[in-house]
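Me: I'd like to learn how to read a structure like this one, feature by feature. Could you walk me through it?

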Amino acid sequence: MTRGGVLVALTCLATLLAGGCRDRQAVHDPAVIVGIAVGPTNLDPRVGSDEASQRVHQLLYASLVRLDDQLQVVPELAERLEARDATTFVAHLRRGLRFHDGSVLDAEDVAWTFRSFLDASFLSPRKGAYAQLAAVEIEDPHTVVFRLKEPFASFPVNLVMGIVPSGTPAGAPARVGAGPYRFVRMQSDDRVELAPNADYFEGPPRNAGVVLRVIPDDTMRGLELRTGAIDLVINDIAPDIVRTLQHEDRMQVVTAPGLDYAYVGLNMRDPLLADVRVRRALGLAVDSAAIIEHLRRGLAVPATGIIPPMSWAHASDLQPTPHDPALAGRLLDEAGYPDPDGPGPRPRLRLTLKTSTAEFVRLQAAVIQQDLARIGVAVDVRTHEFATLYADVLKGRFQMFTLQWVGVTDPDMLRRVFHSTQMPPAGFNRGFFSDPAVDAMIDEATTTADPAERRARYVDVQHRLFAAAPYVSLWTKVNVAVAQPWLRGVHLTPQASFATLRHITKTVGTAAAAGH
């Protein structure tokens with residue numbers, strides 16, 4: 001940025017809350033300009049696992065299936081998905097499918113995409129999701145057969161994977177898919193430019209393209225919206241800035257239930273936390289409603305567990321843990337930790353909470369610390385860079401930690417997080433939770449093909465986990481999009497998928513600017 005540009009940015013920043021500095025440059029660009037916090041790391045859908053990369057994948061590529069708003073698997077490139085038996089799934093492709101370069105998309109391409117995960121030399125952080133896949137077979141040009149090593153009813157969700165042309169090597173720069181947009185160019189850490197795919201099988205996008213602009217700073221993204229330099233931000237915007245822009249009542253603020261789940265993880269191997277009464281007391285003491293109201297600015301809802309409320313497997317009869325410090329104190333008394341001096345300063349017990357250095361997370365940890373102090377639990381909050389925090393969590397070097405599960409779309413996450421066979425390094429059971437009854441319920445849900453039986457078992461698991469309290473549930477995210485008034489068709493899915501950008505129409509030119 002030039003010196004003059006810096007001065008303009010600083011002047012606008014100073015007036016962001018007051019409502020000045022409107023350059024409206026985005027309204028004259030026919031493409032939809034979307035502000036994002038970080039750029040993608042890998043545009044190969046089989047390799048890139050970070051959120052920024054997956055957002056681009058959703059625009060460039062098409063999958064055999066997609067998830068609907070109830071997180072059910074529904075057809076996309078596949079006309080239908082058939083379960084021939086407990087270990088065999090068959091995808092029947094639509095006719096007339098083509099990649100961006102005009103080449104035909106058929107069973108060879110689908111088989112190549114998924115056989116990549118069976119190749120020992122293929123390196124990808126996404127390979128773990130295909131551990132049960134034994135073989136991928138081509139029955140005819142429009143039929144692909146997936147054979148599993150053992151029954152796994154949740155396997156179809158793993159078919160949400162962008163299809164690449166046969167022969168595409170890992171991380172290939174070609175970026176050819178069959179999605180609603182074609183790749184134009186990318187400038188690392190600056191922007192990704194995409195053009196509409198006029199031959200997209202569900203019809204061409206309703207706009208002239210998409211530009212993803214990388215704007216790392218929260219305040220600057222809010223400023224760019226405020227000045228009209230960008231059209232839209234999805235989720236990558238601080239709650240305080242959302243509230244400010246919402247109060248101005250000039251922009252569209254669209255919200256919808258989300259998937260991200262914030263929690264306090266507890267170490268079951270720790271002598272203090274091994275007692276369920278202590279774990280339940282911690283949950284009763286934390287005022288999640290206050291965190292949602294004051295820190296999240298209402299952009300979250302109380303959570304009962306890792307499965308999001310809109311999921312077909314969610315235990316809807318569970319109610320969030322109430323804020324009840326008095327009951328928390330009685331449970332600690334029962335567990336053998338009486339308050340040594342009543343309302344005095346001496347604590348019942350001491351615990352350590354590890355968290356990241358991110359500002360919101362530090363503020364949230366401070367609230368948790370204060371809430372637990374009110375029931376006589378002294379908390380030593382230790383902040384770490386994320387890589388250090390994550391390494392400690394994976395190695396079990398913690399009593400408590402705060403993290404989020406992002407984009408939980410399938411109840412099989414209960415197996416990966418709470419089954420006793422999934423303790424690190426095998427899975428995500430980082431708190432070392434073990435309950436044979438939970439293991440049995442999860443095993444039944446994993447192997448049965450009957451949807452009603454699967455749901456019943458997953459509901460049972462959620463009830464038992466709620467009673468066992470291996471986590472302190474904090475909140476489930478509410479997705480939010482802030483858009484300029486000249487956009488129409490802004491819609492949020494539970495995953496906040498960027499694929500919905502194809503439905504947006506944009507009015508460009510001086511008339512729209514004047515209307516702003």
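This is a predicted model: local features need pLDDT of at least 70, side-chain atom pairs count only at pLDDT 80 or more; totals for chains, interfaces and linings use all residues.

Me: What do β14, helix α9 and β15 make together?

Reply: A right-handed β-α-β unit, with α9 spanning residues 359-373. As for strands in general, side chains in a regular strand alternate between the two faces of the sheet.

Me: Which residues is V377 in contact with, leaving aside its neighbours within four places in sequence?

Reply: L282, L332, L349, L351 and L372. V377 also belongs to the largest nonpolar core, which has 61 residues, and is among the members that touch the most others, along with L282, I306, L372, M400 and L474. Apart from that core lies another, of 31 residues, including V47 and F152.

Me: Now for charges. How should I read a salt bridge?

Reply: Side chains of opposite charge can pair when their charged atoms come close. Here E202 and R66 meet in a salt bridge at 3.0 Å, N to O. E202 sits in the loop between β9 and β10 and R66 in strand β2, so the pair ties together parts that are 136 residues apart in sequence. Both also belong to a salt-bridge network with E76 and R502.

Me: Where do R221 and D218 lie, and how are they separated?

Reply: They lie in helix α4, three residues apart, so about one helical turn separates them. R221 is buried at 2% relative accessible area, while D218 is partly exposed at 36%.

Conventions: Residues are numbered from 1 along each chain as its sequence is written. Side-chain values use heavy atoms; hydrogens and water are left out. A nonpolar core is a set of buried Ala, Val, Leu, Ile, Met, Phe, Trp, Tyr and Cys residues joined through side-chain atoms within 4.5 Å. Buried means under 20% relative accessible area, exposed over 50%, partly exposed in between (1.4 Å probe, protein chains only). Contact means heavy atoms within 4.5 Å. A crossover is right-handed if, with the strands pointing away from the viewer, the path from the first strand over the helix to the second runs clockwise. Helices (H or I, at least four residues) and strands (E, at least two) are DSSP runs, numbered from the N terminus. A salt bridge is a side-chain nitrogen of Lys or Arg within 4 Å of a carboxyl oxygen of Asp or Glu.
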